[in-house]
Amino acid sequence: MEVRNYRQSDCKELTELFYNTVHTINAGDYTKEQVDVWATGQVDLEEWNQSLQEHFSLVAVGNKIIMGFGDIDKTGYLDHLFVHKDYQGKGIATAICNQLEQAVQGNIVTHASITARPFFEKRGYKVIKEQQVERQGVFLTNFIMEKER
């Protein structure tokens, strides 16, 4: 597996990985209605690409497919960290997160799903607060988490 910088040509595949991961892996912790509004399948590729280009964004590639991706902004906000549904538990998120965390100075904050919370806790992140995020009238629980450095 190689972890490399994001390329614009990755964008469509990343949005598909995001959709499939939310609808399979995160579906264990969220209702069908919740995952449907979280990952609608209707994405603005230009918006995704712009965000990923503005952030420090990494892609894990192996067997000629994208196995995961993540991004962090200059303030230390870790925005996305998703691993392909077929490659969970193989150290991919850890490899990406190690590099994302090294890319910024100071504390790191993320809004972790119920599913991702244990991963971040193992990395030393602490829950600052639980919150309800509203999407299209549907509420999803996530956790504002911070890693002090």
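Tryptophan 48 is buried, with a relative accessible area of 13%, where buried means under 20% relative accessible area, exposed over 50% and partly exposed in between, for a 1.4 Å probe and protein chains only. Phenylalanine 69, at 0% relative accessibility, counts as buried too. The ring centres of tryptophan 48 and phenylalanine 69 are 6.2 Å apart and their planes stand at 55 degrees, so the pair is tilted; rings of Phe, Tyr and Trp (its six-membered ring) pair if their centres lie within 6.5 Å, with planes under 30 degrees apart counted as stacked, over 60 as edge-to-face and the rest as tilted.

Because tryptophan 48 lies in helix 3 (residues 45-54) and phenylalanine 69 in strand 3 (residues 65-72), the pair ties together parts that are 21 residues apart in sequence.

## Basis of the model

This is a predicted model, in which local features need pLDDT of at least 70 and side-chain atom pairs count only at pLDDT 80 or more, while totals for chains, interfaces and linings use all residues. Residues are numbered from 1 along each chain as its sequence is written, and side-chain values use heavy atoms, with hydrogens and water left out.

The structure holds seven aromatic pairs. Among them, phenylalanine 18 and phenylalanine 82 have ring centres 5.0 Å apart and planes at 90 degrees, so this pair is edge-to-face. Phenylalanine 18 is buried at a relative accessible area of 9%, and phenylalanine 82 counts as buried at 11%. Ring pairs link Phe18, Trp48, Phe69 and Phe82 into a cluster.

Conventions. Helix = DSSP H or I, 4+ residues; strand = E, 2+ residues; numbered from the N terminus.
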